[in-house]
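Welcome, and thanks for taking a look at this one with us. Please have the sequence and the model open side by side as you read.

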Amino acid sequence: MLNEWDPIGVADEVQDEYDCMLAPLLQRLRGGADQAEIGEFLRQELEHHFGLDPLGLRPDAMAARVIAWWASVGRADGTGRD
């Protein structure tokens, strides 16, 4: 999903570019983070880690996708996450 979003534009050439975001993102999701918290995490990563201006990269839209995915995974594996 992060490679599909590809805010840097390198995912076709560097498949693991966003792996640094996976563990912190999953930790937040497991901890019950909501869409606003995920969006803020993504904004901070874009700005401070990758040195990008998050404006135009739509971190809030990506956060909505992440939250929807997390909810669907919970229903699929029986954990009941919403």
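## Leu26 and the tryptophans

Leaving out residues within four places in sequence, Leu26 makes contact with Trp69 and Trp70, where contact means heavy atoms within 4.5 Å. Leu26 belongs to helix α2; helices here are DSSP runs of H or I with at least four residues, strands are E runs of at least two, and both are numbered from the N terminus. With a relative accessibility of 25%, Leu26 is partly exposed. On that scale, buried means under 20% relative accessible area, exposed means over 50%, and partly exposed is in between, using a 1.4 Å probe and protein chains only. Between Leu26 and Pro7, 19 residues apart in sequence, the C-alpha distance is 19 Å.

The model is predicted, so local features need pLDDT of at least 70 and side-chain atom pairs count only at pLDDT 80 or more, while totals for chains, interfaces and linings use all residues. Residues are numbered from 1 along each chain as its sequence is written, and side-chain values use heavy atoms, with hydrogens and water left out.

## Aromatic pairs

How many aromatic pairs are there by the ring rule? The count is two, given that rings of Phe, Tyr and Trp (its six-membered ring) pair if their centres lie within 6.5 Å. The ring centres of Trp69 and Trp70 are 5.7 Å apart with planes at 45°, so this pair is tilted. For reference, planes under 30 degrees apart count as stacked, over 60 as edge-to-face, and the rest as tilted.

Trp69 is partly exposed, at 35% relative accessibility, whereas Trp70 is buried at 10%.

## How α2 packs on α3

Helix α2 spans residues 19-30 and helix α3 spans residues 35-49; their axes come within 11 Å and cross at roughly 160°. That makes α2 roughly antiparallel to α3. Axes are lines fitted to C-alpha atoms, for helices over the stretch in contact, with angles from 0 to 180 degrees between N-to-C directions. Angles under 35 degrees count as roughly parallel, over 145 as roughly antiparallel, 65 to 115 as roughly perpendicular, and the rest as oblique.

On the α2 side, Cys20, Met21, Pro24, Leu25, Arg28 and Leu29 meet Ile38, Phe41, Leu42, Glu45 and His49 of α3. By class, this contact of α2 with α3 has eight nonpolar, one polar and two charged residues. Here Ala, Val, Leu, Ile, Met, Phe, Trp, Tyr, Cys and Pro count as nonpolar, Asp, Glu, Lys and Arg as charged, and the others, Gly among them, as polar.

Is Leu2 buried or exposed? Leu2 is buried, with a relative accessible area of 8%. Leu2 sits in helix α1, which covers residues 2-5. Beyond four places in sequence, Leu2 touches Pro7, Tyr18, Met21, Leu22, Leu25 and Met62.

## Two positive phi angles

Most residues other than glycine have a negative phi. Asp6, though not a glycine, has a positive phi of about 45°. Asp6 lies in the loop between α1 and α2 and is buried, with a relative accessible area of 19%.

Arg58 is not a glycine either, and has a positive phi of about 55°. Arg58 is found in the loop between α3 and α4 (59-77) and is exposed at 58% relative accessibility. The C-alpha atoms of Arg58 and His48, 10 residues apart along the chain, are separated by 16 Å.
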